[in-house]
Every structure is written in C-alpha cells, then in structure tokens.
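Please keep the sequence and the structure in view while reading.

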Amino acid sequence: SGPRCPVCDEPWVSPRLLPCLHSLCSPCLRRLGTLAEPGRAASRSVLCPVCDAEVSLPPGGVGQLTPDYLALSGGRAAASCDLCVDGAAVRRCLTCGADLCHFCCQAHRRQKKTASHTVTELENSKDCSQAGKPLLCPSHPTEELRLFCQQCDQPVCQQCVVGRHRQHPCDFTGNVVHRHGDALRELLKSTQQHMGTLESALSQIDAMSSAVHSRAEAVATEICLFASGYVKAIEEHRDRLLKQLEDLKVQKVNLLHLQKAQLQQLLLDMRTGVGFTEHLLASGSDLEILITKGVVASRLAKLNSVAYNTHPSMDDGIQFSPQEKAGQCCGYEVFGAILNKAVDPARCTLHGEDLHNAHQNQLTGFTLLCNDTMGERMGRGGDAVRVTITHKDKRDCRVKPTVCDNGDGTYHVSYSPEEPGMYAVCVCVKGQHVQGSPFTVMVKGKFREHQGVFHCCTFCSSGGQKSARCACGGTMPGGYQGCGHGHKGHPGCPHWSCCGQVKKSSECSGGPPSDALQRSLLRTVAL
C-alpha cells in the first residue's frame, strides 16, 4: 500500500495539482480533460471529482498543471525502505538517494561499494521531502531542479538557465525559498483566521439550528395544548348548546301539550253540553225544558265565555347563529348561540320625528323597531324587511328607499322623494305589514331655507340698532323697530327673524319681505 489517486485508487502516476489543491493522477486527468468543452481550449473548465469545484485548466490542457511531488513522495506518510520494501525507512543515503530501513542501513555500510556513502537520519516528513530523491527537470530529464527563475516564477535546471531562461534573473532554490515561504505563511495565517471565523460561524449556525429545533418543538407543544384546549372548549360549548336546545324543546312541547289538554277538555265539556241540550230540545217535554233551561243556559253561557287561543301557544322559532358571540368557555372565546325569538310583524313599530311629512329632494327617514311575539325587542338583525314608497297620483313614480340593518333589531329606512305629492309607504317584515303600515307621507315642494337669524331678540342680535326689524312684529319703546325681551310682540322664546318661527329646524314660512325689511333683515344677519 502507498499513496494512491483519490479517483481511481491506483498508485500515483505523475500526479498533478488542480487549482482547488486536490491532486489527480495523469490517467484520471486525461480522462477529465476529454470531458472539458471542446473547441474552447483557452477557457475550458472541469469539475473536480473530489470537491465538485469548477476549476479552469491551463491553455495547454492538463499537461501544464503543476506536478505534485509531495503526493508522489507520500506527503506526511512514513517512507518505506527502497531496498527491502517491507521495512520502514529511518535513514537516507545522500550518495545514492535511497531510503533505508535499520537493517538495510547496516548492510549498506558493510558493503565495500557503499561503505563510503553519506547516510543521514530521517527525522520527519519534511526532512524526508527535503532529503529525498532529486527532482529532475521535465524539459531536461537528466538535470536536477536546483535553481528558481524569478521572472517565470518556477524552478529550473542549469540547462534551462543557459537556454530559455538566459536573460531571466535566477537564484538557487535555497536562497529564495524563505521569501516565498514567508509569503505563503502570511496567506496561510490570513486563511487560518478565516477558518477560525468560519468555524465560529458554523458553531453559531449549529447552535441556532438546535435552538430552532428546540423552539419549534416548544411551539408545537404550545399549539397542541392550545388546540386540545380549544377542542375541549368547543366540545363543552357544544354540549351546553345541546342542553339549551333540549330544555327549549321540552319547554315548548310541554306548553303545547298543556294548551292541547286545555282545549281538549273544553271541547269535551262543550260536546257534553251540546249533546245534553240537543237531547233536551228533541226529547224533553215542555215542562222538562222549562225546568232545566236555567242550568243548561248557565252552562252553555259559561262554556261560550271561556277564552281560548286558536293558534298554537308556541312556534318553531328555534335558530342557530354560528356567528353569534357566546362569551368564553374554558378561557377560550367561542361562537354560536341558539336563538328562540321569532319576529312578530304585528308587534313591530315605526318611529320618526315626522313620519307623515317630507320635502322634495331632501333626505328623510324613519326607524323600524322589531319585536318578538312577547312584545320584547329582538336585539338582533337579519330579518327580511321590505319597504315600498309609491306616489298615490302617479303610480309609475316610485321612491327607492335604503334599509340599513343596525344589527340590534332596529332598521333605519332613508329615502329622498323627487316629486311632491302624497305617497303611500308600506313596511313589511316576513311579508306582513308592521304596526302603522301602510301610512301616507305628504311630500312638500323644495324646502325653504330661512333668510334671517335665529335670535332671542332683535336688540341683542343687532347690537342695539334701532332700525333693525324682526318678522315677529315686536317693537320696543324709544324708536326701536325690532323686538326685545318682555316688550310688545315678542314671542317669549328664541325665533327666526325672517318669519317668526320658534322651531329652529323648521321651514321658513314667511313671504318675500319688502325691500326695506329685506335690508333690515340682512343688516340683522350681518350683525
């Protein structure tokens, strides 16, 4: 066994060094070179079979790659004896260049031909490399590489110096190796620092990866606990809802059974009374009828006076609302509630400041309040509300209302009529009219805006101007043509200076004022 090529696992044959610092034997390199892109010898590149790095080949191909003599000599591996092969080399003969084991070294000294050879100790792999067999020039195989061409940056032999490298500065390898070795050591030091940084970064990445796994496991545990708790809460809420539903069903069924029993008993009593009376009238004598009529009449009158409901006392108004908030269960917010209220159109009411009056092209409206069969407010929306507004004289004139569901059992209806006149408004819930529907709305012409000011009196609003007037007709002593507090004609409350109306949001009812009054009112307004 000995140093082998990492690709073919065969002993080294002229190993050469790739730019990625991995060595391959020449046969493997030749096979690798044939895989490079053809027709582009100057820029061909290959993938290193050891590290998969893309490396560029020299213009001359794999033959111009740097020879790896260190790999050929075994690098740091212990050298074997060149004579017996089996022993490990401990010394080297500098005269013949052979590595010798302890036994062969003694034999080397006993033989006459080699007794005078100089033998040195092999201390470490570096000494082995330095004291190894001489490296021969590839251009001049018989010459040893002892010189270094500084211009070409490569080792050369004596023949190279007198030939191709004649004019180049050359020196012995022992004289220049220190300078190049120092440069390599500086690069090595920088690379080692990067290695330390990278190793630290990798350690941090590994630590963070472990932290991510640990954190993910912890969060997964939290999610499982949350989900299991949520499932438990939902299941408990489900059982609670089913219990509520069962109680509601039993309540409704019991009330219906009670109503049924009462009506059945009443029907039985009436049948008894009717049967007895018919038999009396058909078979009784005049005297018998007269004797028993009082009791029979009293019984029939009492039966006829009994109040009873012809409609079922309970309805099937049971609904489930999944979006309804149901509070918390086991610390979790849950949704879904049973709704047993049913809207009763006959108990729904309409509310508004002035339901029966509106103005042309002015937005107005009213509010619908929905109640259940018990007259209680529904407290939720979602009911089918339909509103139609039709002109009584012009059937093709309709107003399209806007119905806004407030979600609390109230609905705001807004509309803006374009034509004046009388309108019929129908408000229906679940296809039935509510209380007060249909009703009429009188739409007046365009709303007349007030031209004056809403003031307490002319004296105050005009700043004491004597010529300022008010449409209320009030005056003050001392030549004041407008009204004042406590004086003649003052309405006793704030009012409009243009028409005397005491309601601030009212329509102006005054006619066009005279020029003098118009100027006075405008002056009052300005003041």
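In which loop is the place of Asp 52? Asp 52 sits in the loop between strand S3 (45-47) and strand S4 (54-56), strands being DSSP runs (E, at least two residues) numbered from the N terminus. Although Asp 52 is not a glycine, its phi is positive, at about 65°.

The model is predicted, so local features need pLDDT of at least 70 and side-chain atom pairs count only at pLDDT 80 or more, while totals for chains, interfaces and linings use all residues. Residues are numbered from 1 along each chain as its sequence is written, and side-chain values use heavy atoms, with hydrogens and water left out.

**Confidence**

- The chain has a mean pLDDT of 84, and 90% of its residues reach 70 or more; pLDDT is the predictor's confidence in each residue, from 0 to 100.
- Residues 124-131 have a pLDDT below 50, and this stretch has eight contacts in the model beyond near neighbours in sequence (contact means heavy atoms within 4.5 Å).
- The pLDDT is also below 50 over residues 512-527, a stretch with 22 contacts beyond near neighbours in sequence.

- Residues 340-443 are 0% helix and 46% strand, and 40 Å separate their end C-alpha atoms (helices are DSSP runs of H or I, at least four residues).
- The peptide bond from Ser 437 to Pro 438 is cis, with omega near 0°.
- Pro 438 belongs to the loop between strand S22 (432-433) and strand S23 (439-446).

**The second largest pocket**

- The second largest pocket holds about 500 Å³ of space.
- A pocket is an open set of points on a 1 Å grid where a 1.4 Å probe fits, with protein on both sides within 12 Å along at least five of seven lines; lining residues have an atom within 4 Å of a point.
- This pocket is lined by 16 residues, of which Glu 353, Asp 354, Asn 357, His 359 and Ser 505 are the closest to its centre.
- Strands S15 (357-360) and S16 (364-369) each supply at least two lining residues, and S15 gives the largest share, three residues.
- The lining comprises three nonpolar, eight polar and five charged residues.

Conventions: Points joined across faces, edges and corners; volume = space filled by probe spheres on them. Nonpolar A, V, L, I, M, F, W, Y, C, P; charged D, E, K, R; others polar.
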